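Visitor: I'd like to go through the contact between the chains, then some helix packing. Can you put the model up?

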There are 2 protein chains.
Amino acid sequence: MTDPLLEPLLAGDRRALAQSITLIESTRADHRQRADALLAAVLPHTGKSVRLGITGVPGVGKSTLIERFGLSLIGQGRSLAVLAIDPSSKRGGGSILGDKTRMEELSRQKAAFIRPSPAGTTLGGVARRTREAMLLSEASGFDTVIVETVGVGQSETAVADMVDMFIVLLLPAGGDDLQGIKRGVIELADLIVVNKADGDLEATAKRSAADYQHALRMLRSPTPGWIPEVVTCSAQTGKGVTELWTIVDRFYKAVGEMGIAHRRAEQARAWMWNEVGETLLGELRRHPEVKRLVGGLENDVENGRITPAAAARRMLQAFYGR
Amino acid sequence: MTDPLLEPLLAGDRRALAQSITLIESTRADHRQRADALLAAVLPHTGKSVRLGITGVPGVGKSTLIERFGLSLIGQGRSLAVLAIDPSSKRGGGSILGDKTRMEELSRQKAAFIRPSPAGTTLGGVARRTREAMLLSEASGFDTVIVETVGVGQSETAVADMVDMFIVLLLPAGGDDLQGIKRGVIELADLIVVNKADGDLEATAKRSAADYQHALRMLRSPTPGWIPEVVTCSAQTGKGVTELWTIVDRFYKAVGEMGIAHRRAEQARAWMWNEVGETLLGELRRHPEVKRLVGGLENDVENGRITPAAAARRMLQAFYGR
């Protein structure tokens with residue numbers, strides 16, 4: 001039996017897309033079953049979009065940049081779905097990413113679709129639903145998907161693991177301020193964009209960009225065939241924003257279809273194993289006997305009263321009822 | 001019943017230490033049981049050493065540096081156990097780390113103990129045995145432990161996750177050569193040592209060090225309370241080698257006893273959960289029905305014929321015999 005959402009979804013109906021995403025976000029068992037069938041049906045219609053990830057701390061101008069960039073894309077005849085990952089988001093609870101006033105102009109565009117982060121307590125769950133929302137957006141005809149995150153927990157890695165190209169948005173800064181960037185994030189970057197390169201900050205932004213450029217040479221590129229770039233822009237004045245697409249275009253040409261296909265295949269396989277591992281650990285953690293033991297074992301391990309290997313063995317014995 | 005190895009081990013008998021490590025490296029079930037009991041018995045006598053990790057590609061001069069550094073430590077009245085992690089090592093198969101001619105002078109010292117990497121196919125297994133060898137070395141009275149790795153697979157992360165301070169040894173290089181460093185390794189470094197700062201290469205080494213220093217500002221320190229440093233040295237001439245201990249000393253003072261205790265507690269807890277996860281996944285992978293399915297599912301996932309979540313579900317259903 002075909003899901004009634006399938007036809008309108010594939011035809012590009014926006015309400016059908018929104019409803020489909022709500023369906024995959026549901027935790028009800030019957031919804032989950034229906035969602036899985038719908039995902040299986042749309043799968044052949046996915047994978048044709050440009051998948052971009054963007055991260056940046058609050059205040060860096062992420063929304064303004066995505067709005068400007070999105071409007072510029074739409075002006076070139078493209079379409080854009082913006083999805084968010086924020087494991088701290090609570091629907092209706094005042095999450096920044098769920099803020100309705102964001103990207104007001106972009107959200108009025110027919111060729112744009114903006115969806116706040118699904119609610120959820122684990123990054124794994126939030127990431128899975130965002131990945132699936134990306135597939136639904138692609139099936140619905142969007143040729144560009146941007147997954148954005150404010151960078152809570154390990155969310156940058158989660159985003160980088162689901163997109164083709166990862167963009168890190170930074171503020172103009174110098175010297176010791178550079179220290180503030182979260183560990184590991186710079187190494188994920190295919191492109192660093194120093195925003196707010198306008199007015200008094202323009203010179204600082206240019207200097208920051210040069211610093212980052214210099215420092216990037218120390219790190220191996222996350223993407224074979226591509227050397228990460230650093231640019232400045234001003235989301236507010238629009239300077240440098242349209243040029244970002246030129247870089248995206250260059251990235252896809254440099255990495256090539258085979259390179260992108262290879263990355264996506266790796267991502268999918270890793271995602272599968274991740275789901276398997278998380279499910280197994282989740283079951284272990286929910287086992288009543290494990291629940292009873294876990295606090296004491298963690299404490300004993302942390303205080304050197306038992307070796308981690310012995311503690312792990314006890315936990316597994318409890319799980320298997322031995 | 002007390003293990004006959006326990007008393008001589010705690011008394012600092014070198015043969016007892018070597019035999020104890022051989023015991024924990026054994027995969028025989030009865031040996032494993034004996035090893036676990038021995039580890040439980042020595043645990044109260046562990047944790048008092050300075051735990052250092054060192055990584056560097058072949059050719060960087062790691063052995064020469066460790067030998068020089070070790071002899072200098074021993075000259076100051078300290079004792080040193082050098083353990084290695086190399087998941088590609090096959091005992092007797094010509095591994096670089098197992099090379100008997102390495103650190104010849106150091107190995108003749110009474111206050112030194114050098115042990116090549118345990119053989120093994122998985123990093124997890126090799127790492128566990130090295131961690132346990134570290135505990136045995138501490139129980140045997142060594143006040144300094146160096147865990148070294150050539151950096152195969154994720155072995156740098158494994159080493160950083162079992163030591164207090166992680167040192168990255170690099171060659172003098174400039175410009176694009178810097179790109180060659182493995183992703184993520186620089187971010188683990190509490191100390192970068194540019195070796196071979198002698199003769200013609202001295203100026204290049206100094207320039208490299210300045211470049212790394214500059215670039216390090218971009219990355220957050222792996223260790224709260226400590227700002228990573230970059231120094232040059234020459235393992236061959238000995239210049240700068242003795243000074244390394246001054247930095248180690250400064251590191252321990254800056255991080256503090258509480259900081260070190262906190263790091264070790266975190267490491268132990270993470271190790272426990274890692275063992276639990278690896279054991280569960282290992283059991284799943286060995287299940288005959290999973291074995292039958294896994295190749296096809298990985299292939300389907302990589303080629304976008306099935307979603308990773310659906311593939312994970314099938315694998316778990318096969319595992320549970322549903």
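Guide: Here it is; note that this is a predicted model. The contact takes 61 residues from chain B and 63 residues from chain A.

Visitor: How much area do chain B and chain A bury between them?
Guide: About 5,700 Å², with 65% of it on carbon and sulfur atoms.

Visitor: And how many salt bridges across the interface of chain B and chain A?
Guide: The rule finds four salt bridges there. One of them pairs Glu302(A) with Arg269(B), and their closest N and O atoms are 3.0 Å apart.

Visitor: How many residue pairs are in polar contact between chain B and chain A?
Guide: Eight, counting pairs with both residues at pLDDT 80 or more.

Visitor: Which helix of chain B gives the largest share of the side that touches chain A?
Guide: Helix 9 of chain B, with 15 residues. Helices of chain B that each supply at least two residues to that side include helix 3 (29-42), helix 6 (123-139) and helix 10 (288-302).

Visitor: What is that side of chain B like by class?
Guide: It has 34 nonpolar, 10 polar and 17 charged residues.

Visitor: Switching to chain A: at what angle do helix 10 and helix 11 pack?
Guide: At about 175°, with the axes of helix 10 (residues 288-302) and helix 11 (residues 308-319) 10 Å apart. The two helices of chain A are therefore roughly antiparallel.

Visitor: Which residues make the contact?
Guide: Among them are Leu293(A), Leu297(A) and Val301(A) of helix 10, and Ala311(A), Met315(A) and Phe319(A) of helix 11. By class, the residues of this contact divide into 10 nonpolar, no polar and two charged.

Methods:
Residues numbered from 1 in each chain as written. Chains lettered and ligands numbered in written order. Predicted model: local features only at pLDDT ≥ 70, side-chain atom pairs only at ≥ 80, totals over all residues. Heavy atoms only, no water. Contact = heavy atoms within 4.5 Å. Buried area = accessible area lost by both parts, 1.4 Å probe. Salt bridge = Lys/Arg side-chain N within 4 Å of Asp/Glu carboxyl O. Polar contact = N/O pair within 3.5 Å; in protein donor to acceptor, adjacent residues only side chain to side chain. Helix = DSSP H or I, 4+ residues; strand = E, 2+ residues; numbered from the N terminus. Nonpolar A, V, L, I, M, F, W, Y, C, P; charged D, E, K, R; others polar. Axes fitted to C-alpha atoms, helices over the stretch in contact; angles between N-to-C directions. Parallel < 35°, antiparallel > 145°, perpendicular 65-115°, else oblique.
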